[in-house]
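Thanks for passing this one along.

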Amino acid sequence: MLHENKRGRNYFCVPVALIDDMTLTGAEKLVMISLISHYDADWYRSYPTRQMIAEETGLTRTWVTKTLKGLEARGIIRVEREPGYVSQYHILAPAFRPLEA
């Protein structure tokens, strides 16, 4: 969930569990942070494009795709894909979900 600070800039909270998880690679942490930054608490999902994630993380789009597939295979996220629409990402790991404001 995004919050606005005194200077009008947006920021969001990153769960400490995500930062401290030593089983995640740096790329996985960056992708999760990107997903969290786009998290819609009303719908319990995140829906940035892979290109947007790549631009935010500095990873290539190919590496983002590989990382998302790895996170999905490990049960950390669930991806809903529908042709013609942006994929929706559900954060399944409770410790990695953004806090409600």
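1. How far does helix α2 reach from its first C-alpha to its last, and what span would be expected at 1.5 Å a residue? In this predicted model, α2 covers residues 26–37, and its 12 residues reach 17 Å, close to the expected 16 Å.

2. Is α2 mostly buried or exposed? Nine of its 12 residues are buried, so the helix is largely enclosed by the rest of the structure. The buried positions take in Ala-27, Val-31, Met-32, Leu-35 and Ile-36, but also Glu-28, Lys-29, Ser-34 and Ser-37.

3. Stepping back to the whole chain, you will find four helices and six strands. Their order along the sequence is β-β-α-α-β-β-α-α-β-β. Of the 101 residues, 39% are buried. The exposed surface comes to about 6,500 Å², with carbon and sulfur atoms supplying 55% of it. If you count contacts between residues at least 6 apart in sequence, 45% join residues at least 24 apart.

4. Next, the largest nonpolar core, which has 22 residues. The members touching the most others are Met-32, Leu-35, Leu-68, Ile-76, Ile-77 and Phe-96. At least two residues each come from α2, α3 (50–57), α4 (61–73), β5 and β6. The largest share is that of α2, with five residues.

5. Phe-96 deserves a look of its own. Which residues does it contact once neighbours within four places in sequence are set aside? The list is Pro-15, Ala-17, Leu-18, Asp-21, Leu-24, Met-32, Ile-36, Ile-76 and Ile-91.

6. Ile-77 and Val-79 form its covered face, while Arg-78 and Glu-80 form the uncovered one. β5 runs antiparallel to β6 (residues 88–91), and four bridges join the pair.

7. Last, a local detail in the loop between α3 and α4, where Thr-60 lies. A polar atom of the Thr-60 side chain is 3.0 Å from the backbone nitrogen of Trp-63. Looking back along the chain, Arg-50 is 10 residues from Thr-60, and their C-alpha atoms are separated by 9.3 Å.

Methods. Residues are numbered from 1 along each chain as its sequence is written. This is a predicted model: local features need pLDDT of at least 70, side-chain atom pairs count only at pLDDT 80 or more; totals for chains, interfaces and linings use all residues. Side-chain values use heavy atoms; hydrogens and water are left out. Buried means under 20% relative accessible area, exposed over 50%, partly exposed in between (1.4 Å probe, protein chains only). Contact means heavy atoms within 4.5 Å. Accessible areas come from the Shrake-Rupley method with a 1.4 Å probe; for residues, only the protein chains shown count as cover. The expected span of a helix is 1.5 Å times one less than its number of residues. Two strands pair if DSSP finds at least two bridges between them. A nonpolar core is a set of buried Ala, Val, Leu, Ile, Met, Phe, Trp, Tyr and Cys residues joined through side-chain atoms within 4.5 Å. A polar contact is a pair of N or O atoms within 3.5 Å; within protein, one must be able to donate a hydrogen and the other to accept it, and residues adjacent in sequence count only if both atoms are side-chain atoms.
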